Amino acid sequence: MTTNPGPRLLGPAEVRQLAAELDLRPTKQRGQNFVIDANTVRRIVRESGITGDDVVVEVGPGLGSLTLALLEVARRVIAIEVDPLLAERLPATIASYAPGQVDHFEVVLADAMRIEEVPGPPPTALVANLPYNVSVPVLIHLLTLLPSLERGLVMVQAEVADRLAAGPGSKTYGVPSVKAAWFADVRRAGAIGRNVFWPAPNVDSGLVAWTRTDPPRTTATREQVFAVVDAAFAQRRKQVRAALRGLAGSAEAATAALEQAGVDPTARGEVLSVDDFARIAEGLTW
């Protein structure tokens, strides 16, 4: 009886060879920096905590470095790729490097920010090297779209990783922090060096892990709460009473909603938790 061999992973030579075959020149516009280090993709998979039961969504699989490492562990991987050239090539790479996992893989040619459904069984995890220029909108969109996602790990620009994982009162706390906290418990899960990419980016990278949590109990909708968050941080230095004046209709209405929520009207947005924002949204007239 022969055992099913696991995937072979891509190294620098394989990545460059695939790129040459495709006459591919990585573009900054799409945030294309391909991981060329097998240890790094295995580390990402390990830190993500996925198991053989997980159906994983990957965004921006590129040439397949992380995809192959995910297929070593996951039950199924759905890769969302916006570049037609890369999406078309990926199945052949999987067939060549992970022939035993071909049936556990599917690629979807789509923009992850605009995708409206994911084929197959409901995905349970999101693991991705997110394109850095759209990482936060993509993450929030997928968390909204796919309530079945229980956990995940994403690689993003280090500064964005800090923001996503920041708590109230932190200098880096802002809109991404609050919106991510609506969906999940978010934490920093390490740093990634520049030399594991080709081409090497001119920014540092960080890992962010998250576990789905229940949103705040509130009569306000998520859209209403997020509108309050956006307004509160639109001008960071403003007191929240002044920042919400436009949304509330007047400074008086904003003050009333804040007092009803038990929030100091002279506070600033960066000290408020997602629960505070939910209570404020409840007190506004929509």
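This is a predicted model: local features need pLDDT of at least 70, side-chain atom pairs count only at pLDDT 80 or more; totals for chains, interfaces and linings use all residues.
**View 1. Helix H7 and its buried residues.** Seven of the nine residues of H7 are buried, so this helix is largely enclosed by the rest of the structure. The buried residues are Pro176, Ser177, Val178, Lys179, Ala180, Trp182 and Phe183.

**View 2. The packing of helix H5 against helix H7.** Helix H5, which spans residues 135–145, packs against helix H7, residues 175–183, at an angle of about 20°, and their axes lie 10 Å apart. That angle makes H5 roughly parallel to H7, and H5 passes H7 in a left-handed crossing. On the H5 side the contact is made by Val136, Ile140, Leu143 and Thr144, while H7 contributes Pro176, Lys179, Ala180 and Phe183. By class, the residues of this contact comprise six nonpolar, one polar and one charged.

**View 3. The packing of helix H7 against helix H8.** The axes of H7 and H8 are 9 Å apart and form an angle of about 160°; the two helices are therefore roughly antiparallel to each other. The crossing in which H7 passes H8 is right-handed. Val175, Val178, Lys179, Trp182 and Phe183 of H7 make the contact with Arg222, Val225, Phe226, Val229, Asp230 and Phe233 of H8. The residues of this contact divide into eight nonpolar and three charged, with no polar residue among them.

**View 4. The packing of helix H8 against helix H12.** Helix H8 (residues 222–234) meets helix H12 (residues 274–283) at an angle of about 105°, with 8 Å between their axes, which makes H8 roughly perpendicular to H12. From H8, the residues Gln224, Val225, Val228, Val229, Ala232 and Phe233 meet Phe277, Ala278, Ile280 and Ala281 in H12. This contact has nine nonpolar residues and one polar residue, and no charged residues.

**View 5. The buried face of helix H6.** In helix H6, residues 158–165, the buried residues are Ala158, Val160, Ala161 and Leu164. Seen down the axis of H6, these buried residues fall within an arc of 160°, so they line one face of the helix. They pack against helices H5 and H7 and against the strands S6 (151–157), S7 (184–192) and S9 (205–212).

Terms used. Residues are numbered from 1 along each chain as its sequence is written. Side-chain values use heavy atoms; hydrogens and water are left out. Axes are lines fitted to C-alpha atoms, for helices over the stretch in contact, and angles run from 0 to 180 degrees between N-to-C directions. Helices (H or I, at least four residues) and strands (E, at least two) are DSSP runs, numbered from the N terminus. Angles under 35 degrees count as roughly parallel, over 145 as roughly antiparallel, 65 to 115 as roughly perpendicular and the rest as oblique. Contact means heavy atoms within 4.5 Å. Ala, Val, Leu, Ile, Met, Phe, Trp, Tyr, Cys and Pro count as nonpolar, Asp, Glu, Lys and Arg as charged, and the others, Gly among them, as polar. A crossing is left-handed if the near helix is turned anticlockwise from the far one by less than a right angle, and right-handed if clockwise. Buried means under 20% relative accessible area, exposed over 50%, partly exposed in between (1.4 Å probe, protein chains only). The arc is that of the directions from the helix axis to the C-beta atoms.
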